[in-house]
Number of protein chains: 2
Amino acid sequence: MTAAPVGSVLIVGSGLIGASIGLALRARGVDVWLEDTDADAVRVAVERGAGLPGPPGRDPDLVFVAVPPATAAAVIHDVLRRYLTATVSDVASTKTRLQREIEARTPFVDRFVPGHPLAGREVSGPAAARADLFADRVWALTPGAGTDPERAAQVAAVVESLGAVVVTTTPEQHDRAVALTSHTPQVVSSLVAAGLEALGSAEVRLSGQGLRDMTRLAGSDPDLWTEILTSNAEPVSEALDGLIERLSRVRDGLRREAGGAGEVRAALAAGVAGAARVPGKHGSQPVPYAVVPVVIADRPGELGRLFAAAARTGVNLEDVRIDHAQGRPTGLVELEVRPESATVLAAELRADGFEVRD
Amino acid sequence: MTAAPVGSVLIVGSGLIGASIGLALRARGVDVWLEDTDADAVRVAVERGAGLPGPPGRDPDLVFVAVPPATAAAVIHDVLRRYLTATVSDVASTKTRLQREIEARTPFVDRFVPGHPLAGREVSGPAAARADLFADRVWALTPGAGTDPERAAQVAAVVESLGAVVVTTTPEQHDRAVALTSHTPQVVSSLVAAGLEALGSAEVRLSGQGLRDMTRLAGSDPDLWTEILTSNAEPVSEALDGLIERLSRVRDGLRREAGGAGEVRAALAAGVAGAARVPGKHGSQPVPYAVVPVVIADRPGELGRLFAAAARTGVNLEDVRIDHAQGRPTGLVELEVRPESATVLAAELRADGFEVRD
């Protein structure tokens, strides 16, 4: 475990993110105090070992503000004034509007190092906090023009000591990026799912794994996402402009009969190029693994038996996808392995009695 | 294995689908002949045991036409004339335009039972064929107004004997359904991926599992998908009209500042309702499983060791998702189990030394 390059930290906001930062810093021997407008949140976070209840016994070296977006600017402004030597960082998921609010309000912007950990869970609150929440996750830092570079380096070092991977960019680039990589996909997933309302229950069965992938995000909490989208309204609406334009071009191509096929093909080809840029495993370009598809019965232990058999072959499973057949309790498990290992794995699984497809 | 309720079948088109139908029918004792304009395709399919080279030794009871969409109408017309007592079916992935072409060309529409197996592989050709390609897959049948109901029942029985689940609908409803469940998701995935071209290599790292899900389809073959989309141009362009309208409403809501938040929230809520209609496991509504998240090291046998340990607990794994951390060779495995089994599984995996997250 890395020692954190900071002595004392105040965390304002003791929810999932704040309490997880506290747990991670405590595990690295840092003095941590916790505050929250909700006394229960502080109590739970303290009980879990995330720090001591604030206010801090001395001026903290660093303050993390981990409150909801609506109150972030006021709280950041307040702590910059309260602790006149402390570095202050935050965790809000959009940065530009907040940066403008801070710059307009306070003369202390040199001590403000804005951040955004791309980490989370499907549950919230300090009870769900964990010390390893940020391990191997990207943590964006978006220092403003007035941010002291030494303060930015300090926050980067602390964040890296929690196991996160720092990506430094500007507030504007950050917000444009998450509009394209996170906010637009969320909107599109919701709207593709909403389109299914037009179908009868028999017709909706005419679907496969692709639809499940494309509508998984659509199950997200509408209130939370309304807050996120409206806090990044400009970049998201610009990203939607671009998407609407590309969709319209494909639609018009389809309506132009034969003459429009070239336009449709060009759009799909651009998609192939774009998909190749999506970070895959280990943050790099996706590696083309070989797929060994195995048919398994849906009964206790079948997956376990399969993976135990796979382990005996010594072949490393790079990825696993389970495609459930419709209407019947059987499933197809796709084991992804390095291409040179596929033949061995398939042969040994067959020898163990598994049904491996060609 | 179910015996097929048919004595002899001619398959025109010996690619992946045609040869797989042949293998499945041969396994059930049916006399099968294979034809193809490509003599090599017939040779490979025959070598794999999918049937004998055509023309058939006697008039077949049933003909499956499994040729590319562009030639389907001409071939269907031809076999309806060649074998005046045979039932003829096809496997084209869009139905309305083809149905109109057949009805305009031939007086024998009563013997034509159009079909579409929702099955496929990432590879093509008779070498990739397999007898179980249709097991537990939906196979749509779209009898026209002039189709003899007894012929439709005959094809349904044959298709079910291959293990498929028959969904009967009209050509128009079929095409509208796949426009929404398959063709629109493909276009959207491509265009979301294409939008990433605007990002630098650092910014594109500000993404998570959601983006990978949303851009997986974007890797598909542009030529194949251009053919599919143009063959269903009208329903797809109508589905895109609907999507563009919903996207525009969200974008306008975001531009209207505070006043538009209600519109954004309504769109996201409609997505939650739509997502609940996506067929999950066993063709039913998705069951809310409990998630047991386990952190594993990326080395040979780790997944196998985990699944072997899980098998020893006797708990059935309902699903598995592996989320790869960015930039580091570690991963998070989410084991999905029935809610009542989660505590037992987590405790026993911890006892076996695994890092189970709360």
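Visitor: Where is Asp136(A) found?

Guide: Asp136(A) sits in the loop between strand 7 (115-117) and strand 8 (138-141) of chain A. Strands are DSSP runs of E with at least two residues, helices are runs of H or I with at least four, and both are numbered from the N terminus. This is a predicted model, in which local features need pLDDT of at least 70, side-chain atom pairs count only at pLDDT 80 or more, and totals for chains, interfaces and linings use all residues. Residues are numbered from 1 along each chain as its sequence is written, while chains are lettered from A and ligands numbered from 1 in the order in which they are written.

Visitor: What is phi of Asp136(A) near?

Guide: Most residues other than glycine have a negative phi, and most peptide bonds are trans. Phi of Asp136(A) is near 70°, a positive value.

Visitor: Is Asp136(A) buried or exposed?

Guide: A residue is buried if 20 or more other C-beta atoms, placed from the backbone, lie within 10 Å of its own, exposed if 12 or fewer, and partly exposed in between. Asp136(A) has 21 and is therefore buried.

Visitor: Which residues does a cis peptide bond join in chain A?

Guide: The cis bond joins Gly54(A) and Pro55(A), with omega about 0°. Pro55(A) is in the loop between strand 3 (52-53) and strand 4 (62-65) of chain A. In chain B, Gly54(B) and Pro55(B) are also joined by a cis bond.

Visitor: What rotation superposes chain A on chain B?

Guide: Two copies of a chain are related by a rotation about an axis and a shift along it. Here the rotation is 180°, with 0.0 Å of shift and RMSD 0.1 Å, which means a two-fold axis. The superposition is by least squares on C-alpha atoms of residues with pLDDT of at least 70 in both.
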